[in-house]
Amino acid sequence: MVDQLKKDYRDAELSPRERTILDFAVEVTHEPNDVTPERMGALREAGLSDEDILNAVHVVGFFSYYNRMVDALGVEPEEFMPKES
């Protein structure tokens, strides 16, 4: 599932709620000024509360901030070292 999500979440087997959240995350990332009250209504219809929507916006905002910060500073990703079993 993680590999599917990293490659393209639209090809992953997700619930309608999960897909709605990820579609919203993309919208907030690329077109934050285009989020409308109707879009919020669609999120609520998918089962998200106001708190869920706020949390999603916080996560998207923080992730965007963090990526821009590490890119600007030239931070290289760390190698993943799996735990020994």
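I looked up Phe62 and Tyr66 and found both in helix α4, four residues apart, about one turn of the helix (helices are DSSP runs of H or I with at least four residues, numbered from the N terminus). I note that this is a predicted model, in which local features need pLDDT of at least 70, side-chain atom pairs count only at pLDDT 80 or more, and totals for chains, interfaces and linings use all residues. Residues are numbered from 1 along each chain as its sequence is written, and side-chain values use heavy atoms, with hydrogens and water left out.

I then looked up Tyr65, which lies in α4 with Phe62, three residues apart. For accessibility, I found Phe62 exposed at 53% relative accessible area, whereas Tyr65 is partly exposed at 49% (buried is under 20%, exposed over 50%, partly exposed in between, with a 1.4 Å probe and protein chains only). Phe62 and Tyr66 form a stacked pair, 6.2 Å centre to centre with 25 degrees between the planes (rings of Phe, Tyr and Trp, the last by its six-membered ring, pair if their centres lie within 6.5 Å; planes under 30 degrees apart are stacked, over 60 edge-to-face, the rest tilted). Tyr66 is partly exposed, at 41%. Ring pairs link Phe62, Tyr65 and Tyr66 into a cluster.

Next I turned to the helix packing: α2 (residues 16-30) and α4 (residues 50-73) pack at about 50 degrees, with axes 10 Å apart (axes are lines fitted to C-alpha atoms, for helices over the stretch in contact, and angles run from 0 to 180 degrees between N-to-C directions). The contact (heavy atoms within 4.5 Å) includes Phe24 and Val28 of α2 and Ile53 and Val60 of α4.

Terms used. Helix = DSSP H or I, 4+ residues; strand = E, 2+ residues; numbered from the N terminus.
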